[in-house]
Amino acid sequence: AAELESEERLLFAQLEWQMQQAWPTRTLRRTLVIPPGWRATSVMFNAPPLEPRRVGNSLVWERDGVAALPDEPAMPPHTDIAPRLAVSVFAKPPGRAPGEFESWQSVAQWLHGVSDGASAATAAVVSTARRLTQGATTDFERAAAIARYAQTVQYISIQTGIGRGGGYQPRPAALVLERNYGDCKDKVALMRAMLSAVGISSYLVSLYSGDRGYVRAEWPSPQQFNHAIIAIHLRQPINSGVSAIDHPGLGRLVVFDPTDQHTPFGELPIDAQDSLALTVHPQTTSLVRLPTTAAARHVTERTVKGSIAANGTLSGSVHERHTGAAASSARALRNAVDADSYRELLTRRVAATVPRVNLANITAAAGPSPDHDVSFDIVAPAFTRQAGGLLLMPMPFDNGVDGPIPSAAERKTAVLLDPHVVNETVELRLPPGFAVDAVSPPVTFESPFGRYSLEYTVTGGVLIAKRRLEVPSQRIEPAALPAARVFFDRVRRADTDLIVLTRK
């Protein structure tokens, strides 16, 4: 048993309690003491409503038999499944407690008050912005140049004056520019100042990083936010492929996260998509839903060209071109590790379908360009194996044996899948004296969980396979997992079918 009593001066007249932890709990009780005449409202997230009982000037919320939080692969974040109690306190009329919020407009006005002044454009900021945008002819090009610069500013978070709102107040843009570091809201302040220096309006946007479903419209509170990005008003029309929101008072705005150094301007990190967010402006009266891009935007185009020697050794080359979130992930992986570790990670991935493979001549395109290219050579001894007078040959597809659905028979939580598409073309020159016994007929099938196709042809002694797997963004609840496994098991079987070679 444990008991904790705390007394503190809060920035907001609001509290938030998570009602489930990593350990099971027999009884969990939260008691809030408020002054006479004050009132409190509460809302429970991720669980049925929990009404408090009144004991004098105290409100008591209680839950019995709380299970431990599960720990499962590809599960939603704990904040998405653990019961969470949000409480707002209001002073006795006509008084007003510090940090009372009854609407999203009041939240936006408060955030605007503590953040807007940091975006002042000093002479140094104006000079830098004009230098960065030399040669740019459109607002999009100007904003992209400033965005690339903001991404290079070192991310360092130093919070001061937390009790006075310091956690929500950016440092002045001029200071961020001078010291070349800052956190998410500091980077937004710098971008806003630079954009204003070249005549472009922009706004801070608050959201929660790490759980798309964390922010709830029914509880207006700055406490629901832990991250800041930027919304930019461009004077020219915005292309359809650019991540943008429609604000009822401010118009169409491009949204961008300067903290994510791997996602280029015009795109939004996949973990922020579909989040509820607040545009920080006095006119804002409600949350907006951040844009979501379809799986077709997050593509890996993979080409394998090789030949098989008489002794069964596979020699060839692999080229991958990633777009969208696939490109961001590929860039992040390359930039996170040294060359040896990167080789090891790539080798481990390719070895899922090509045992004993060795990689050489690895090149990976650097920088924030929309696409990311990776190329390498492969050599795999004994790629084929003999069975009597036949040769059995696997196909070197990307992670063909690794389905995204966990194989555990029982599952307590949903499985989250990010959208992605893999297009593969594999061209293998057959070993001398051998031919494909029979070309498998084309395979095409789809379900709510994805689409798959695979087709083989043989031309001039070269086996050509064209494979496509498309998986949409989805949350698969435990009850639907058996049906999802049917689809992904079928994909796995098609990927791992061996090609039979016979002597001519």
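I call a crossing left-handed if the near helix is turned anticlockwise from the far one by less than a right angle, and right-handed if clockwise. I looked up the crossing of H4 and H6, and it is right-handed.

**Ground rules.** I am working with a predicted model, in which local features need pLDDT of at least 70 and side-chain atom pairs count only at pLDDT 80 or more, while totals for chains, interfaces and linings use all residues. Residues are numbered from 1 along each chain as its sequence is written, and side-chain values use heavy atoms, with hydrogens and water left out. I take helices (H or I, at least four residues) and strands (E, at least two) as DSSP runs, numbered from the N terminus.

**H4 and H6.** I note that two packed helices are described by the angle between their axes and the distance between the axes. For H4 and H6 I find an angle of about 150° and axes 10 Å apart. Axes are lines fitted to C-alpha atoms, for helices over the stretch in contact, and angles run from 0 to 180 degrees between N-to-C directions. H4 and H6 are therefore roughly antiparallel (angles under 35 degrees count as roughly parallel, over 145 as roughly antiparallel, 65 to 115 as roughly perpendicular, the rest as oblique). On the H4 side I list Ala 143, Ile 146, Ala 147, Tyr 149, Ala 150 and Gln 151 as making the contact, and on the H6 side Lys 187, Leu 190, Met 191, Met 194 and Leu 195 (contact means heavy atoms within 4.5 Å).

**H3.** I looked for the buried residues of H3 (residues 123-132) and found Val 125, Val 126, Thr 128 and Ala 129 (buried means under 20% relative accessible area, exposed over 50%, partly exposed in between, with a 1.4 Å probe and protein chains only). Seen down the axis of H3, these fall within an arc of 165°, so they line one face of the helix; the arc is that of the directions from the helix axis to the C-beta atoms. On the other side of H3 I find Ala 123, Arg 130 and Arg 131 exposed. The cover over the buried residues includes H4 (139-152), H5 (173-179) and H6 (184-197).

**Backbone checks.** I found a cis peptide bond from Pro 93 to Pro 94, with omega near 5°. Pro 94 lies in the loop between strand S6 (84-90) and helix H2 (104-115). Asn 46 is not a glycine, yet I read a positive phi of about 65°. Asn 46 sits in the loop between strands S3 (39-45) and S4 (53-55) and is partly exposed, at 26% relative accessible area.
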